[in-house]
Amino acid sequence: MATGAAFSGWLHRAADSDIWWSFKSSPMTIAAATATFLIVAVAFLSPVLAPHTPFDPATLNLSDGLKPPVLLSADGDWRFPLGTDDQGRDILSSIMYGTRLSLLVGLASVVVAMALGIVLGLLSGYLGGTVDAVIMRVADVQLTFPAILVALLIDGVVRGLISVKRHDEIAVFVIVGAIGLSFWVQYARTVRGSVMVEKNKEYVQAARVIGLSPLLIMVRHVLPNVTGPVLVIATINLGLAIITEATLSFLGVGLPSTQPSLGTLIRLGNEVLQSGDWWITVFPGATLAALVLAVNLLGDWLRDALNPKLR
Amino acid sequence: MPDGSSGQFVRIAGLKRYFDVSAPWLVRMLERRPRQIVQAVDGIDIEIAKGETFSLVGESGCGKSTVARLVVGLYPPTAGRIEFDGNDMAGRRSGADMAALRRRMQMIFQDPYASLNPRWRVFDIIAEPIRAFGLSSDKADLEKRVGDLLRQVRLTPADGRKFPHEFSGGQRQRISIARALASQPEFLVCDEPTSALDVSVQAQILNLMVDLQRRFGLTYLFISHNLAVVYHISTRVGVMYLGRLVEVAPTETLFTRPKHPYTRMLLDTIPDLDMTGRQRSPVAGEVPSPINPPSGCTFHPRCPFAQDRCRAERPVPIAIEGGTVACHAIEEGRLPVEERTYVANS
């Protein structure tokens, strides 16, 4: 009962809030949110919705290979609306499974980067001094390299350390770690900046007068007041992380062909693109573009909606 | 009496706090610049009796707020002692003993817009000290305590459900006072609690503070640069200049028979109705930098009575008419005490 009332109260306040108003009044944002929701829903329901299980060799038939999309060619087959690749795998199903993997990798690496960045940023901003200097110099050095280069480096080091077979098994974790480690700097710098502003405010001093420990003050007082900017970076970085994963997979250092993400699909299609089988690479590419565009539009909107100066 | 010290409730002795504001090491080495130390508080002694209001006044940057923060332990002192009810605050003691001491002293801050966490509800803000010190056993008791505190500062228990941004500056300052009272302290350090408020609201907050003092027997250390406010609320007043106390006296004495040239200068600046239209003397000159304070008496560059001795020798406080003054001219008797009338325009 109590939780129900609390939830409806929360709902009422959410409906009244500035953020909801700014969301409602922007058709572009509504479109972006709808597109994101649709892509995410379809991707995560792929085991139920997909017409085929494209990576189960038992269901594949080589004679179905390289079928063009139905609507564009008389050679099409209604079982494969977006055509098939050279192995006879259904492109539509591959895209659904691939999107799910891309989203998972993107979300997981954003979480890794965010967790690392928040912790290091809090430490750096609250403790200051040597800790701050060391963390920020590491961050500065890392900022001089493009994120993709850092991710390539980390991926390369891991490949050098373990066998190929083992690498294929843990490829997802390696790539999540590589992307996460290459994106933490932004979070750390943002959190550090906010913490340095907040820690000198009198409400933090009031908590210190009571004698709360620095850890409690950081978690209870400082952290909630820096979540706004962090959330915005996370949304914008989700698109970037998905693109980075796709780029790595396209270069062949990301996910293996046995568990293809959108990037892997684009690479596989790219190999046969010159022979005129364009659909294998174009449809995953279009999905990737749509997903990243929608997520980025949402991120831009959130940045403006949470910025009081733009209201 | 623990520690075997004097009967004063709060005793501050030889308190110093220096801040290092030097450029980073590398810059300093390359540009051959020396270290820069701000002597924010440079040796002050204050004794505050139980139940009184001791005010510290002075221009901006004289170290008043630093004293407040030192007393509640936000900064560790560079030198000197702070004793609270006979306990040396710097002494080593267990966490529980320290918490027991902290519970008895709280602080009210200057800016009511920065002193309340914007993401917390008022109830949680006021309940925080109660929870932190484990003063309340159950939820009903906590709710009752917070409700009582809100009523004591003339808000309603229903206000606890709101967020700080839903209140005006004066209301926020009252929430701040309620939070300070939540741990049932005996000693409150008030760092310019009214200077960010409208004049009409200032009086309301001051009256509330006086009222609470009577009701709970509170002791106040009151920091302000507003002499009219200080006159209204204080038992005794200390005048600070560049990190040192130049004069301490009972309020009435300080306002009617000021001794130190700096105190006289400050009193000359108070606007009042009797002197309307008269040319008044502005405070001459500016406060020198506390990084390189003047030699001897730090006030000598601005003092009309300065002599060679003032430039060379730092004056020590001497007892006079129930207070103390640190001034060579007063000590030598070459500056007679002048009578003044001070009529509070409230």
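Predicted model: local features only at pLDDT ≥ 70, side-chain atom pairs only at ≥ 80, totals over all residues.

Tutor: Residues are numbered from 1 along each chain as its sequence is written, chains are lettered from A and ligands numbered from 1 in the order in which they are written, and side-chain values use heavy atoms, with hydrogens and water left out.

Student: Which three residues supply 41% of the area that chain A buries against chain B?

Tutor: Contact here means heavy atoms within 4.5 Å, and by it 16 residues of chain A touch 23 residues of chain B. The two chains bury about 1700 Å² between them, 54% of it on carbon and sulfur atoms; buried area is the accessible area (1.4 Å probe) that two parts lose on being put together, summed over both. The three that supply 41% of chain A's part, more than any other three residues, are A:E202, A:V209 and A:I210.

Student: Which side chains meet in a salt bridge?

Tutor: A salt bridge is a side-chain nitrogen of Lys or Arg within 4 Å of a carboxyl oxygen of Asp or Glu. Between chain A and chain B the count is one. The N to O distance is 3.7 Å, and the side chains are those of A:R220 and B:E128.

Student: Which strands of chain B stand at the edges of the sheet?

Tutor: Strands (E, at least two residues) and helices (H or I, at least four) are DSSP runs numbered from the N terminus, and two strands pair if DSSP finds at least two bridges between them. The open sheet has eight strands in chain B, with mixed pairing and the order β6-β7-β8-β3-β9-β10-β12-β11. An edge strand has a single partner, so one side of it is left without a neighbour in the sheet; these strands are β6 (105-108) and β11 (318-320).

Student: Which residue stands opposite B:I12?

Tutor: Strand β1 (residues 10-20) of chain B runs antiparallel to strand β2 (residues 37-48) of chain B, with nine bridges. Strand β1(B) is also joined by five bridges to β4 (residues 79-84) of chain B, again antiparallel. In β2(B), the residue opposite B:I12 is B:I46.
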